[in-house]
Amino acid sequence: MDVIEKYGAESLRYFLSTGSAPGQDLRFQWEKVESTWNFVNKIWNASRFALMNMGGMKYEEIDLSGEKSVADEWILTRLNQTIEQVTKNIDRYEFGEAGRHLYNFIWDEFCDWYIEMAKLPLYGEDEAKIKTTRSVLAYTLDNIMRMLHPFMPFVTEEIWQHLPHEGESITQASWPRVNPTFNNDRAVGEMERLVNIIRAVRNIRAEVDTPMSKEIQLMIQTKDEEVAQELETNRHY
């Protein structure tokens, strides 16, 4: 009751259900519950951002057939891989591993990278790109909520009710399925290269004490013509 009063039932439930490994006792640690509480807040804030930028989109308006950016193709591929891993681990009762895959995908990839990159088309003027980005956000979040639901029933139901959805409750929604048409290994490699470059630039800025707000000249040298073209296409990132 003390834990629930301080951090909520969802934080405690997720900590207990994903914090153990087969054959090992679970040691209670306040720090781990607080970490889970931060995770719940991250999900809530990311969902709130997505909902604010969906423009009242309905479920039947979700359209993933349009031209997608490398970030769109990457997050849909990683969603497929996460669905596959989470499903496999839950079937094996390895809830700790299922939780690890969910945490890494939601926090590191969806929140820290995809949402930041989605701001470019969302704040732009190209209506086709705005619609595609909204659709990818809605589709990805819907599947995230379904996977998280057994671990966080209250938060996921609340968010899902505000997302474009079919049905009365997430408790009756089907478990996510892998959509093979979204798999794109090229986009994964392209995105990994972009992420590594952006991280390198941030690290160099920090080392020489240059604020993020200050424009700098950036020179990238490559002998690979295909990579050069790829970087030129993604210059806006």
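Modeller: A term to start with: buried means under 20% relative accessible area, exposed means over 50%, and partly exposed is in between. Also, this is a predicted model.

Colleague: Fine. How many aromatic pairs are there?

Modeller: Twelve aromatic pairs, counting rings whose centres lie within 6.5 Å. In one of them, Phe39 and Tyr103, the centres are 4.7 Å apart and the planes are at 45 degrees, so the pair is tilted.

Colleague: Where do Phe39 and Tyr103 lie?

Modeller: Phe39 is in helix α3 (residues 30-52) and Tyr103 is in helix α5 (residues 95-122), so the pair ties together parts that are 64 residues apart in sequence.

Colleague: Is Phe39 buried or exposed? And what does Tyr103 count as?

Modeller: Phe39 counts as buried, because its relative accessibility is 0%. Tyr103 has 26%, so it counts as partly exposed.

Colleague: What about Tyr93 and Phe95?

Modeller: They form an edge-to-face aromatic pair, 6.0 Å centre to centre with 85 degrees between the planes. Tyr93 counts as exposed at 64% relative accessibility.

Colleague: Which residues form an aromatic cluster?

Modeller: Tyr7, Phe15, Phe28, Trp30 and Trp37 form one.

Colleague: Changing topic to charges. Which ring does the charged end of Lys6 sit over?

Modeller: The ring of Trp30, with the charged end 5.4 Å from the ring centre. Trp30 is also one of the residues in that cluster.

Colleague: And Lys119, which face does that lie over?

Modeller: The face of Phe49, at 5.5 Å from the ring centre.

Note on methods: Residues numbered from 1 in each chain as written. Predicted model: local features only at pLDDT ≥ 70, side-chain atom pairs only at ≥ 80, totals over all residues. Heavy atoms only, no water. Phe/Tyr/Trp six-rings, centres within 6.5 Å; stacked < 30°, edge-to-face > 60°. Helix = DSSP H or I, 4+ residues; strand = E, 2+ residues; numbered from the N terminus. Buried < 20%, exposed > 50% of the residue type's maximum accessible area, 1.4 Å probe, protein only. Lys NZ or Arg CZ within 6 Å of the ring centre and 35° of its normal.
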